[in-house]
Structure formats: structure tokens, C-alpha cells
Amino acid sequence: MPEGPMAEHLRQTAARVVAAVRPMVPKRWRRDLPVVPVVRLTGVIGMATPLRPGLSLGGLAKTLDRAFGVRNAKAVALAINSPGGSPVQSHLIFRRIRALAEEKGIPVIGFVEDVAASGGYMLACAADEIVCDPASIVGSIGVIGATFGFPEAMKKLGVERRIYTAGEHKSTLDPFLPENEEDVRRLKAIQQDIHDMFIDLVRERRGARLTGPEKTMFSGEYWVAKSAKEFGLADQLGDLRGILRERYGKDVVTPLIGSERSLFGRRTPGVSARVPERILEHVMEARWDHPSVIEDIMSAIESRAIWARFGL
């Protein structure tokens, strides 16, 4: 553009036009505003069913990539509401979040909603800072396993259990056989190894912020947010909108990064999902003999039982 009075006049006019149009442009399209993408981590970990979507690395990987790939992001916010689940999937998701945070040089803030317990707390530990609602439930740093035993019922019914294996421990913890003390010892040893890994992870991520007695903190117990904060398991009380507006200004943009849609408009499982059409079809037609319906209902009941441990 040529120099001179005319050029200066054009620059001033352009600036006035931009200033007049800027308020009419949706916040999410404006590059001059701070952006903090939000990823929701909701559900039982490693137990994704059509009736109750859960969390897994397979379902979250692309969503996390998109969140950490947002241009000029000031931070990434994790909205966490999970009672736990699979220790492996919890750890895989944790590692992916940390890897992306270190690769992109972006801080991560975890916002606990109803509960971040067990594997859900492991996800919270992926954040550099943990913020809780005053009524949030936090903790449960432990490992649990549960099953049923039916040998006495089988005797009363006159049912004989026949099982054939190659490998002396292949039938470990079979619910139709009497409980074996050696099997229980073996299971507890595995659980202890996982528990030790969990404890080391919490120590590494929380560091000197941990002030509570270790015997209490790592007992599997859980607490309301205020007590968790006193132990150093959480950093402060608050909510996502309030904390982000306080930190980055009232105009901060917080886009929710959801799962990608497929060619036919269905979301990839793992972050959020609806009851698939096939399940609705079976239910509406009363096709209760269909194996997938029964499996999905049983999985949903098991998932509900995990939430119920925290009164939710």
C-alpha cells in the first residue's frame, strides 16, 4: 500500500471497520481471545457399553489430539466425573494426556464434578492442577476385585461342574468352584503390585503437595473435596467456568471437544454416545432373547453398581 495521507486514512478506516465488526463475530471464531478447550471424561473406565458409555484410550485418543491441537490454547481443561474402572485403561489415558501436555507445552487443569475416585482420580492426576466442587468425592486410591460363588447353590440344584484345562492355574477363581486360598493369595499379590504402581503415580504427580498421612491416603478411602484438599490430593475448590474466567478473563473461550462423527453422523464411542439404534430396535420389539441386549443390560447394571459405591 502506498504511503501518504490516503494510505493512513485507509488504515484508520479499516481499523474502525474491524473494531465495529469484532463484537458481532462469534467468540469461537475470534483469534484474539484466550482459548481453553474442554474434554469431558465421564463414565466408568474400560467399560463402554451402549447403555452406559464409558472411557477407553481407543475412544479418547482422537479427542485428546484435537484438544491439544487447538491453536493458541492457553491450557486444556479436563471435566472429570468417573468412579474408576480398569487400571490399565486409566493408566493409558493418563499417559496419553501427559505425553501430549509435555509435547505441546500446554498446562492441564482437572475439574472434578461428582466424583474422581480410583481410576477417576488417576485421570485427575494427569492434570497439573486439580479443582473440585465442594461436594465432589475424591480419592479411593486402591484396587478392588469382586466376584460371586455358586458351589452350594449348584449342589442344591444337583448340578455337577465339569471343567477341563491345560495349565494348573487356568481355572483360578472359577465362581462355580469352592474358593481356593492359593488363588486368593495370588490375586491379592497382583492387586498389591497395581496398588503400588498407583501410589507411586500419585506421589510423583502430587509431590510435596501431599500432606496427609500415607496410611490413610492410600487406604482406598475417599473424601469430600475439602478433606481431599487438606491432604493435598486436590488444589482448590471451584468450578470450571469461574476458575477459567478468573484466570484468563471473562472473554475466555471454552470449546467442548467432543468425539468425531462418522460418515453417518454417529459419534465415536468412548467420550459420549447415544443408545445405538440396534439396541432401541431390540427393546422396542421386545427382542429380549437377543444376546447383545442381555449383555448390554448386564454391563449397564455392573457399571451402575460401581457408581453406587460412592452413593451416586
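## Two helices in contact: H3 and H6

In this predicted model, Pro87, His91, Phe94 and Arg98 in helix H3 meet Ile194, Met197, Leu201 and Arg205 in helix H6, where contact means heavy atoms within 4.5 Å. By class, this contact of H3 with H6 has five nonpolar, one polar and two charged residues; here Ala, Val, Leu, Ile, Met, Phe, Trp, Tyr, Cys and Pro count as nonpolar, Asp, Glu, Lys and Arg as charged, and the others, Gly among them, as polar.

Two packed helices are described by the angle between their axes and the distance between the axes. Helix H3 covers residues 87-104 and helix H6 covers residues 181-206, and the two pack at an angle of about 25°, with their axes 12 Å apart. The axes are lines fitted to C-alpha atoms, for helices over the stretch in contact, and the angles run from 0 to 180 degrees between N-to-C directions. H3 and H6 are therefore roughly parallel to each other, since angles under 35 degrees count as roughly parallel, over 145 as roughly antiparallel, 65 to 115 as roughly perpendicular and the rest as oblique. H3 passes H6 in a left-handed crossing; a crossing is left-handed if the near helix is turned anticlockwise from the far one by less than a right angle, and right-handed if clockwise.

## The basis of the description

Residues are numbered from 1 along each chain as its sequence is written. Local features need pLDDT of at least 70 and side-chain atom pairs count only at pLDDT 80 or more, while totals for chains, interfaces and linings use all residues, and side-chain values use heavy atoms, with hydrogens and water left out.

## The protein as a whole

The protein has 11 helices and seven strands, where helices (H or I, at least four residues) and strands (E, at least two) are DSSP runs, numbered from the N terminus. Of its 312 residues, 38% count as buried, a word that stands for under 20% relative accessible area, with exposed meaning over 50% and partly exposed in between (1.4 Å probe, protein chains only). Among contacts between residues at least 6 apart in sequence, 70% join residues at least 24 apart.

## H2 beside H3

H3 also packs with H2, at an angle of about 15° and with the axes 10 Å apart, and H2 and H3 are therefore roughly parallel to each other. H2 passes H3 in a right-handed crossing. On the side of H2 the contact is made by Leu57, Leu60, Ala61, Leu64, Asp65 and Phe68, and on the side of H3 by Gln89, Leu92, Ile93, Arg96, Ile97, Leu100, Ala101 and Lys104. These residues divide into 10 nonpolar, one polar and three charged.

## The nonpolar cores

In soluble globular proteins, nonpolar side chains tend to be buried together. A nonpolar core is a set of buried Ala, Val, Leu, Ile, Met, Phe, Trp, Tyr and Cys residues joined through side-chain atoms within 4.5 Å. The largest one here has 48 residues, and those with the most contacts inside it are Leu41, Ile97, Tyr121, Val202 and Leu233. Helix H2 (residues 57-68) gives the most to this core, with six residues. Apart from it lies another core, of 11 residues, among them Val36, Ala77, Ala79 and Ile243.

Not counting residues up to four places away in sequence, leucine 233 touches Tyr121, Ile130, Ile141, Val202, Arg206, Leu210, Met217, Trp223 and Ala228.

## Residues in the loops

Alanine 234 is placed in the loop between helix H8 (225-231) and strand E7 (236-237), where it is buried, with a relative accessible area of 4%. Leaving out residues up to four places away in sequence, alanine 234 touches Ile130, Cys132, Arg206, Ala228 and Lys229. Alanine 234 and leucine 210 are 24 residues apart in sequence and 9.0 Å apart in space, C-alpha to C-alpha.

Arginine 161, in the loop between H5 and H6, is partly exposed, with a relative accessible area of 35%. Leaving aside neighbours within four places in sequence, arginine 161 is in contact with Met154, Asp174, Phe176 and Leu177.

## Two serines with positive phi

Serine 118 has a positive phi of about 55° although it is not a glycine. Serine 118 lies in the loop between strand E3 (108-117) and helix H4 (119-124), and is buried, with a relative accessible area of 13%. For serine 140, phi is near 55°, a positive value in a residue other than glycine. Serine 140 is found in the loop between strand E5 (137-139) and helix H5 (151-157), and is buried, with a relative accessible area of 4%.
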